[in-house]
Amino acid sequence: MCGIVGYIGNRDAYDILIKGLHRLEYRGYDSAGVAIIDPDNRLNIYKSRGKVDDLENFCQSKNVSGSTGIAHTRWATHGEPNDINAHPHYSASGKIALVHNGTIENYNVLKEALQLQGCVFKSETDTEVLVQLIEYIKTSNRCTLVDAVREALKEVIGAYAIAVVDTDNPDTIIGARKSSPLVVGIGDGETFLASDATPIIDYTDKVVYLNDDEIAIINRNQDLKIITVDNVPTTIDIHTLRLSVSQLEKGGYPHFMLKEIFEQPRTIHDCIRGRIGNSGSKVTLSGVLENREHFQNAHRIIIVACGTSWHAALIGKRLIQEIARIPVEVEYASEFRYSNPILTPNDTVIAISQSGETADTLAAIQMAKKCGAFVYGVCNVVGSSIARATDSGTYIHVGPEIGVASTKAFTGQVTVLTMLALAMGQLRGTVKDEEAAKITDALRSLPKLIRQTLKLNDEIEKLSGIYTYVHNFLYLGRGYNYPSALEGALKLKEISYIHAEGYPAAEMKHGPIALIDHELPTVVIAPNDELHEKIISNIQQVKARGGSVIAVVTKGDKTIAEIADHTLEIPEVPESISPVIVSIPLQLLAYHIAVKKGCNVDMPRNLAKSVTVE
Ligand code: M6R
């Protein structure tokens with residue numbers, strides 16, 4: 001939930017650290033800081049509340065020289081976002097500084113023990129405990145920094161990715177991880193450390209992903225060394241990144257979110273490429289083929305996910321049940337992990353996560369694996385913790401998603417789940433060829449259909465002006481598009497701070513209808529499908545009570561055009577893939593309302609892109 005960067009080499013660390021923090025700002029942005037060892041071996045630490053820009057302003061007239069440094073952008077867990085609680089934290093002597101992503105669960109016990117030894121704490125954070133503990137061990141055991149870090153980590157319960165610098169070891173940075181990601185970038189005479197590869201990509205494409213309980217010893221004059229917390233050296237597995245700098249920039253759009261919405265014709269093309277051919281109904285997913293017994297014989301599938309990925313999971317459930325005829329349950333990962341679930345080796349668990357770092361989803365995977373279930377991942381970030389923790393999986397391949405509100409990842413997830421359902425159905429013989437061909441044809445035409453749907457942008461921009469200052473919204477949908485209603489409502493609330501609820505349209509009469517009046521607009525997702533007639537009645541029920549209706553309809557739907565206040569026309573698509581197309585106007589509506597309200601759409605308040613804490 002926080003972002004870490006580290007640099008050691010022959011250049012000035014500051015610029016590299018700041019640029020890296022900007023890249024990682026999606027992980028948290030309530031305060032930021034840097035610690036750099038200067039040429040006179042002084043440890044200079046600067047930190048401030050606010051975004052990385054605020055830190056840069058603060059550092060303007062400061063001494064930021066030095067080529068060994070660490071930096072942090074924070075999403076507060078322990079202690080409010082202020083200058084003191086911002087990272088880096090430093091030890092009593094001021095010699096050791098540390099940045100941390102994660103949560104030290106037993107920090108209170110450790111803090112009390114250190115206070116009894118005379119340690120005085122400046123901040124309210126769990127992180128300061130760790131840096132004080134490292135110094136305490138280093139001094140009292142008269143051991144090396146590496147040994148002190150190892151011993152301290154053995155005392156810690158919780159999740160961490162850390163980077164540590166020490167003026168007694170000015171040519172070294174120590175990194176370590178457990179349940180929070182950390183990547184080492186190996187350059188020419190310089191080494192980088194970061195929460196993900198985005199701060200590293202400008203300098204090198206050679207990276208090493210640290211595993212849990214590993215410690216990286218990065219020395220200016222020596223090769224990278226990795227040991228476990230028990231001091232066992234491990235082999236270094238160097239990966240080559242396939243990420244380009246242009247993917248991390250806005251490319252002329254005012255916000256990443258808008259860029260990512262408009263990228264969807266291409267991202268869906270990339271997502272299906274090589275998995276369905278130019279014609280025919282065959283779907284080839286290597287992860288399914290290599291593990292066919294787990295899909296052919298699965299008694300049950302359980303999908304675990306959070307947020308938007310959970311909405312995609314609900315659509316996946318319908319697709320898999322319909323096409324592959326396997327019973328599917330969908331669980332919030334955060335609930336699943338504490339529900340003492342009944343799992344057997346005959347169950348297949350699918351974990352969906354854009355970032356591949358969501359702590360609850362990762363914990364649910366670990367629990368499923370302990371029970372002997374086969375776990376399949378649907379992730380976006382290549383090499384992420386979830387991608388590596390699962391037995392096999394399918395990447396959605398939509399490229400880096402930087403806007404906090406998930407857009408292209410959602411459509412990529414639904415597209416992969418459609419292919420997964422087809423691949424399973426084909427293995428199990430539950431889908432007829434002509435049915436599969438109808439869906440694969442529709443998948444092939446998705447990029448074109450999304451391009452057509454994006455033409456609604458101007459119309460939606462105008463429409464958003466009418467609804468900028470309402471306080472509540474209701475979203476209704478049925479069947480495959482009930483999850484689309486949930487997703488539309490989530491998009492609006494997270495970036496515009498307007499309260500929005502998604503409901504299955506027919507459930508409205510069991511309660512939410514009481515909310516309807518002229519101040520509550522309702523977005524109704526009503527493409528031509530099996531339940532079209534029924535949803536028309538739901539629209540009439542809203543209109544009869546004075547509510548206004550924005551309806552997402554199939555092109556040419558005159559019936560709804562006559563009763564709704566506004567209609568947004570999408571192209572005709574088969575019902576099972578309509579959520580991909582429907583999500584485009586809903587993303588645009590949320591985006592334009594938020595922009596008109598003056599909200600920071602890429603970095604909404606209180607949120608972070610990767611939720612790596614519980
Ligand atoms: O990276 P993940 O897909 O695991 O993230 C799950 C949620 O945190 C994420 O979808 C969140 O709800 C987004 N902000 C939604 O736009």
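Tutor: Gladly! One definition to begin with: contact means heavy atoms within 4.5 Å. Keep in mind that the model is predicted.

Student: Thanks! Across which strands does helix 10 lie, and at about what angle does it run to strand 16?

Tutor: Helix 10 spans residues 307-324. It lies across strand 15, strand 16 and strand 17 (347-353). Its direction relative to strand 16 is about 175°.

Student: What is the strand order of the open sheet with five strands, and which strands stand at its edges?

Tutor: The pairing in this open sheet is parallel, and its five strands follow the order 16-15-17-18-19.

Student: Over how many bridges do strand 15 and strand 16 pair, and which residue is the bridge partner of Ala305?

Tutor: Strand 15 covers residues 300-305 and pairs with strand 16 in the parallel sense. Five bridges make up that pairing. For Ala305, the bridge partner in strand 16 is Tyr332.

Student: Which strands does helix 14 touch, and what angle does its direction make with that of strand 17?

Tutor: Helix 14 (residues 408-428) packs on the sheet. It touches strand 15, strand 17, strand 18 (374-379) and strand 19. With the direction of strand 17, its own makes about 160°.

Student: How many residues surround the ligand, and how far from one of its oxygen atoms is a polar side-chain atom of Ser309?

Tutor: The ligand is surrounded by 15 residues, and the closest are Ser309, Ser353, Ser355, Thr358 and Glu494. Thr308 brings a backbone N or O atom to 3.0 Å from a ligand oxygen, while an N or O atom in the side chain of Ser353 is 2.6 Å from an oxygen atom of the ligand. For the polar side-chain atom of Ser309, the distance to a ligand oxygen is 2.6 Å.

Student: How many bridges join strand 2 to strand 4, and which residue is the bridge partner of Ser31?

Tutor: Strand 2 and strand 4 run antiparallel, joined by seven bridges. The residue of strand 4 that bridges to Ser31 is Arg74.

Student: Is helix 1 roughly parallel or antiparallel to helix 2?

Tutor: The axes of helix 1 (residues 13-24) and helix 2 (residues 52-59) come within 10 Å and cross at roughly 160°. Angles over 145 degrees count as roughly antiparallel. Helix 1 is therefore, relative to helix 2, roughly antiparallel.

Student: Which residues of helix 2 make that contact?

Tutor: On the side of helix 1, the contact is made by Tyr14, Ile18, Leu21 and His22. By class, this contact has six nonpolar, one polar and two charged residues.

Student: One last thing: which residue does a cis peptide bond join to His87?

Tutor: At that bond, omega is about 0°. The residue in question lies in the loop between strand 4 (68-74) and strand 5 (89-90). The partner of His87 in the cis peptide bond is Pro88.

Terms used
Residues numbered from 1 in each chain as written. Predicted model: local features only at pLDDT ≥ 70, side-chain atom pairs only at ≥ 80, totals over all residues. Heavy atoms only, no water. Axes fitted to C-alpha atoms, helices over the stretch in contact; angles between N-to-C directions. Helix = DSSP H or I, 4+ residues; strand = E, 2+ residues; numbered from the N terminus. Parallel < 35°, antiparallel > 145°, perpendicular 65-115°, else oblique. Nonpolar A, V, L, I, M, F, W, Y, C, P; charged D, E, K, R; others polar. Pairing = 2+ DSSP bridges. Near = heavy atom within 4 Å. Polar contact = N/O pair within 3.5 Å; in protein donor to acceptor, adjacent residues only side chain to side chain.
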